[in-house]
Amino acid sequence: EKLKLKRVAVVSGDSEKDNFTFNDLGRKAAEIVLDLIKNDTIIGISGGTTMACVVNQMKRKKSIKNLLVLPARGGLSEELEIQAEKLDAQYKLLHIPDNLDEKELSVLKNNKLINDVLDDIQKINLLVFGLGNAMDMAIRRKSDKNVFNKIESEQLTAEAFGYFFDRDGNVKMQINSVGITLENFK
């Protein structure tokens, strides 16, 4: 109710301690994604270990036409290619690292190939993403000291799309990244 979700799937177990539970989570998520895919779907997928597990657990599906698989954010490649292959879909890559400054991002966004992918990202109608632990994600992205200090001082707990959240779901910090934004997601 609080999240206003129409459907929730729960997998029993503790995926932090049990790889079988993690695989079950990936399998269940893959089933749900396959059920939601229709003709002319533009699928956005974020990176991370959970999304890699979803892609690994996904069955092949070739009966759907005109699919496009995109990275929800920059830097995703292998999982995207595997998912696109399993769905017999087209895909586009976006090789842009996190933590670029505004000037660097501006230059990259003006590149025609990058701009075309960014335009397509605005049209995503099925988004598959993971919600990560704030500290783990900052470590993975090799964030600077200020990010770690803010995570600790404001007790930030989760991250998605470069946005960091407190335990109540309030956005408390955003790092520069390219791709889907919270506004796009809403």
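Strand 1 (residues 42-45) and strand 4 pair in the parallel sense, over three bridges. Strands here are DSSP runs of E with at least two residues, helices are runs of H or I with at least four, and both are numbered from the N terminus. Two strands pair if DSSP finds at least two bridges between them. This is a predicted model, in which local features need pLDDT of at least 70, side-chain atom pairs count only at pLDDT 80 or more, and totals for chains, interfaces and linings use all residues. Residues are numbered from 1 along each chain as its sequence is written, and side-chain values use heavy atoms, with hydrogens and water left out.

Stay with strand 4. Its residue Leu 127 is the bridge partner of Gly 44. The open sheet here has four strands in the order 3-2-1-4, with parallel pairing. Strand 3 (90-91) and strand 4 stand at the edges with a single partner strand each, so one side of each has no neighbour in the sheet.

Another open sheet has four strands in the order 5-6-7-8, and its pairing is antiparallel. Its edges are strand 5 (132-133) and strand 8 (171-174); each has a single partner strand, so one side of each is left without a neighbour in the sheet. Strand 7 (residues 163-165) runs antiparallel to strand 8, joined by three bridges. Tyr 163 stands opposite Gln 174. Phe 165 has Val 171 as its bridge partner. The two strands form a hairpin with five residues between them, and Gly 169 in the turn has a positive phi of about 85°. Helix 7 (residues 145-153) lies across strand 7 and strand 8, at about 170° to strand 8.

Now the aromatic rings. A search of the whole structure finds one aromatic pair. The ring centres of Phe 129 and Phe 161 are 4.8 Å apart and the planes are at 50°, so the pair is tilted. Rings of Phe, Tyr and Trp (its six-membered ring) pair if their centres lie within 6.5 Å; planes under 30 degrees apart are stacked, over 60 edge-to-face, and the rest tilted. Phe 129 lies in the loop between strand 4 (126-128) and strand 5, and Phe 161 in the loop between strand 6 (158-160) and strand 7, so the pair ties together parts 32 residues apart in sequence.

Last, a helix pair. The axes of helix 1 (residues 19-36) and helix 2 (residues 49-57) come within 7 Å and cross at roughly 65°. Axes are lines fitted to C-alpha atoms, for helices over the stretch in contact, with angles from 0 to 180 degrees between N-to-C directions. Contact means heavy atoms within 4.5 Å.
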